[in-house]
Amino acid sequence: MHDINSHDADLRKLGKRPVSIAFGLERIGLIAVKAPVVSCLILLALVIAAIFGIQRIKIDDSLSQLFRSNSKEYRQYEEVTKRFPSSEFDVLVVVEGKTLLERQNLEKVRDLVTDLQLVDGVRGLISLFSARQAPAPGKLPAALFPSELPEGAAYDSFIQTVKSNEIIRGKLLSDDGTLALIVLSLDPAVVSNNKLTKAVGDIRKIMNDDLADSNLTKQLSGVPVMQLEIRNAVERDGLIYNVAGILAGCLIAIIFFRKVSFMIVAAFPPLLAILLALGALGWAGFSLNMFLNVMTPLIMVISFSDSMQLTFAARDRLIAGEDKYSAFKNAVLVVGPACVLTHATAGISFLALQFSDSDLIRAFGEAGLAATAIALVAVLSLVPVFGVLLVRNEKAFSAKFQAADSGVTALRAFCYWIAVRMVGRPGLFSLISVILVGGLAVVYANLEPRYRLADQVPDKEQAVAASGRLDAKLTGANPIDVLIEFPKGQDLYSPETLATIADVHSLVEKSAGVGNVWSLETLRRWLAEKAGSNDVATLKEYVSVIPEHLVRRFISADQMAVVVSGRVPDLDSSAILPVVDKLDGLLNEVRTKHPGYEIAVTGLSAIAARNSAGMIEKLNHGLTIEFGLVAIFIGLAFRSWVVMLACILPGIFPVVLSGFVLWLLGEGLQFASVVALTVSFGLGLSATIHFLNRLRLEDTPGTDPAIAVERATVLVGPALILTTVVLACGLVVTVFSDLPSLRLFGWLSAFAMVAALFADLFILRPTAMWLINLQQKISGSSVLAKPAE
């Protein structure tokens, strides 16, 4: 193996190179090391400020947050949530059992309904006990359930009446009478703050107390319950898995460096970068959401890779006999340009997100760009500061590790073994790489977007199980609405309006995949059948005696708009979208028949079905375009077409290989998987840039290109391998999370990182070697960039 400790030549090599690939920005890292103690005091003040900033971060766990935009569809959805009690604030109580309608159990369920109305934060409640009898002429309609339930044969007859009631059958009571749905409408102020925990806790306690010894199962679902379960899971998992990742990183660093001081130098700057970045985001008013939750691993991936490369470079110089100030200063000058470039490419990726239609994704891009800049300054500054403060007795350190450095020596021997074989037949290995990446890319290109609400919710909690029971018994738990707005000159009870509502209601209930349809038409039909009355006066009278909170669910306060509301199962958006599109198409007939009436399909299910696929495709297309843009950017920074072409295949490989694995598992592209692939792309680029930066120093005039590739591999390979192992171990523990999306993000990111390591060792080396040889044939020079004049 070639001598790896000739680092005194690095700066002479830099002098023969053109200006820094980072245009001198790496020298930011030399400012803090001039006064390390003062720098630490400033760091302490910034950490304290960051801690207060983190406490300012609010959690935005609204399930519609992902689709928030200025689109017409989302504005309509917002209009519906403002004018009607939104289903986003509904807690669904699901009570099930074969003995549900036995007299004793029915009394307990009625007691439960009574007690639930008293829970602080409940605005209203709908249950089978809300139903009323058909009104007698000139009299107000009486409640369907009498205050004292009948007994014996009269009770059996009464139950048959209940099961056949059009108002509740298939909506609040399953056809077989074994499942009852109770809908609690919560105050929006309760859902948006910490009072939600208490409100849901009170509901659970009442439910368990009132239905004790009833042999009935009771579960909670609905968007507020899902939000609470997501919030709890994110907080729990974030603590557990971040600590596990940190411990794994520290343990591996100690094993290989065999000194606590170097573990701190390598591992603490990325961790402090995360703390400072999150603190800055808190002060800037960002909210914690499903995307910003992955900001921690994103910063860790980019920063830890650079931190390890800087630490390894400084460590090698210390072993070679340099003093600690020179070692860390020169490490910044040699490795720092690559660190700047890796963060710059990550910044480009985040900038590209600004072209998304989603407010959430644009905010994620802004936060990522800010965090990347903070992480760059933190890593470049803190690695040398910690190094000069913590490293003691350089001469003893050099003597000790010159004699025995088994862990790192073994890694370097492994890297040298690979490099020798890769540069032996670069043309063959490059051709194999092109064929392999091309074949995987074809499979990746055919992956379909996937989005399912249940995948965003802990699947080991009640909400998903309860939604599954509603899917099975009442056609679904997810709402889909049709908004009808009246033209001027028409009111709620005008014949044209009632005819429009009737036509829309009929189309919705006939649509395959939609059930549990409610509207003013439901009430009008029931009155016509049971009371034999079809006149508007009776309908008005009945509406006037229905509780206000119930009326507001389908009639706006100004009585100039109504909704026809249905439910759909919690299926993949690819299955819901055809239902939404078909329904919207059928409604064109009603729009033509009743001109002037604004009719739109909306609701969380419709918004998710329409927007999720498009947003995932745009994120994926953005990632694909980034491959080319980043390659051009890196080529311009290095001023070399060889570098530009060399970084394409290793950058693409981990992404397309991960997509191939998703295809084998029958999965599609989800939001979590696209973000995971972005993470792996960032790590792959980081490894590529560090290798090419080192190769740039080694590939001097008169040097055999094969030897240059081998030396560059030996020098940067160990840090790359350790970085991959640490990050993969930290992420793979998320497979134990209750959140399906976090599990997917964790294992896919870990797999993609290993794939990026494979690409760097087995694809980048031969490809770079072959391109250097090609350049030599074309221009007569094998050097990656021309020497400075």
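Strand 7 (residues 478–485) and strand 10 (residues 598–602) run antiparallel and are joined by five bridges. The model is predicted.

**Strand 7 and its partners**

- Asp481 has Thr602 of strand 10 as its bridge partner.
- Strand 7 also pairs with strand 9 (residues 561–568), through eight bridges.
- Strand 7 and strand 9 run antiparallel.
- Opposite Val482 stands Val564 of strand 9.
- Of the eight residues of strand 7, seven are buried, so the rest of the structure largely encloses this strand.
- In a regular strand, side chains alternate between the two faces of the sheet.

**Helix 3 against helix 13**

- Helix 3 covers residues 36–55, and helix 13 covers residues 359–390.
- The two helices pack at an angle of about 125°, and their axes are 10 Å apart.
- The crossing of helix 3 and helix 13 is left-handed.

**Residues at the helix contact**

- Helix 3 contributes Pro36, Val37, Ser39, Cys40 and Leu43.
- Helix 13 contributes Leu382, Val385, Phe386, Val388 and Leu389.
- Nine residues of this contact are nonpolar, one is polar and none is charged.

Terms used: Residues are numbered from 1 along each chain as its sequence is written. This is a predicted model: local features need pLDDT of at least 70, side-chain atom pairs count only at pLDDT 80 or more; totals for chains, interfaces and linings use all residues. Side-chain values use heavy atoms; hydrogens and water are left out. Buried means under 20% relative accessible area, exposed over 50%, partly exposed in between (1.4 Å probe, protein chains only). Helices (H or I, at least four residues) and strands (E, at least two) are DSSP runs, numbered from the N terminus. Two strands pair if DSSP finds at least two bridges between them. Axes are lines fitted to C-alpha atoms, for helices over the stretch in contact, and angles run from 0 to 180 degrees between N-to-C directions. A crossing is left-handed if the near helix is turned anticlockwise from the far one by less than a right angle, and right-handed if clockwise. Contact means heavy atoms within 4.5 Å. Ala, Val, Leu, Ile, Met, Phe, Trp, Tyr, Cys and Pro count as nonpolar, Asp, Glu, Lys and Arg as charged, and the others, Gly among them, as polar.
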